Amino acid sequence: MRTPTKANLDAHERLKAELRIQGTSLAQISRELGVSDSALTLVGKRMCRSQRIEEALALAVGASPEDLFPDFQREGAIMP
């Protein structure tokens with residue numbers, strides 16, 4: 001698992017704010033996906049990868065996963 005940088009933490013806070021603007025939250029998306037809140041937090045902070053979670057978060061804010069996670073290299077811990 002990766003350690004989040006300040007930039008990762010800032011991006012996570014922006015993501016949570018954008019979700020609130022869109023009328024949803026990490027908790028709501030976690031319920032819809034049937035995963036824990038902490039799984040979304042780990043992906044949001046760029047500590048782990050999950051294509052399914054990245055796609056759900058991107059869809060919720062009207063972006064592509066590549067746009068939402070541009071600096072996230074396609075290596076490291078991957079969750080199903």
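Q: What is the handedness of the crossing of helix 2 and helix 3?
A: In this predicted model, the axes of helix 2 and helix 3 (residues 37–44) come within 8 Å. They cross at roughly 115 degrees. The crossing of these two helices is right-handed.

Q: How many nonpolar, polar and charged residues does the contact of helix 2 with helix 3 have?
A: On the side of helix 2, the residues that take part are Leu26, Ala27, Ile29 and Ser30. They meet Asp37, Leu40 and Thr41 in helix 3. By class, the contact has four nonpolar, two polar and one charged residues.

Q: At what angle do the axes of helix 2 and helix 4 cross, and what is the orientation of helix 2 to helix 4 called?
A: Helix 2 spans residues 26–33 and helix 4 spans residues 51–61. Their axes come within 11 Å and cross at roughly 130 degrees. That angle makes the orientation of helix 2 to helix 4 oblique.

Q: Is the crossing of helix 2 and helix 4 left-handed or right-handed?
A: The axes of the pair cross at roughly 130 degrees. As for its hand, the crossing of helix 2 and helix 4 is right-handed.

Q: How do the residues of the contact of helix 2 with helix 4 divide by class?
A: Helix 2 contributes Leu26, Ile29 and Leu33. These meet Arg52, Ile53, Ala56, Leu57 and Ala60 in helix 4. The residues of this contact divide into seven nonpolar, no polar and one charged.

Q: What separates the C-alpha atoms of Leu33 and Arg52?
A: Leu33 is found in helix 2. Leaving aside residues up to four places away in sequence, Leu33 touches Arg52, Ile53 and Ala56. Leu33 and Arg52 lie 19 residues apart along the chain, and their C-alpha atoms are separated by 8.6 Å.

Q: By about how much of the helix are Lys6 and Asp10 separated?
A: The structure holds three salt bridges. In one of them, the side chains of Lys6 and Asp10 meet at 3.0 Å, N to O. Because these residues are four apart in helix 1 (residues 6–21), their separation is about one helical turn.

Q: In which helix is confidence highest?
A: The mean pLDDT of the chain is 88, and 88% of its residues reach 70 or more. Confidence is lowest in helix 5 (residues 65–68), at a mean of 89. Where pLDDT is low, the predicted coordinates should not be read in detail. The highest confidence, at 96, is in helix 2.

Methods: Residues are numbered from 1 along each chain as its sequence is written. This is a predicted model: local features need pLDDT of at least 70, side-chain atom pairs count only at pLDDT 80 or more; totals for chains, interfaces and linings use all residues. Side-chain values use heavy atoms; hydrogens and water are left out. Axes are lines fitted to C-alpha atoms, for helices over the stretch in contact, and angles run from 0 to 180 degrees between N-to-C directions. Angles under 35 degrees count as roughly parallel, over 145 as roughly antiparallel, 65 to 115 as roughly perpendicular and the rest as oblique. A crossing is left-handed if the near helix is turned anticlockwise from the far one by less than a right angle, and right-handed if clockwise. Contact means heavy atoms within 4.5 Å. Ala, Val, Leu, Ile, Met, Phe, Trp, Tyr, Cys and Pro count as nonpolar, Asp, Glu, Lys and Arg as charged, and the others, Gly among them, as polar. pLDDT is the predictor's confidence in each residue, from 0 to 100. A salt bridge is a side-chain nitrogen of Lys or Arg within 4 Å of a carboxyl oxygen of Asp or Glu.
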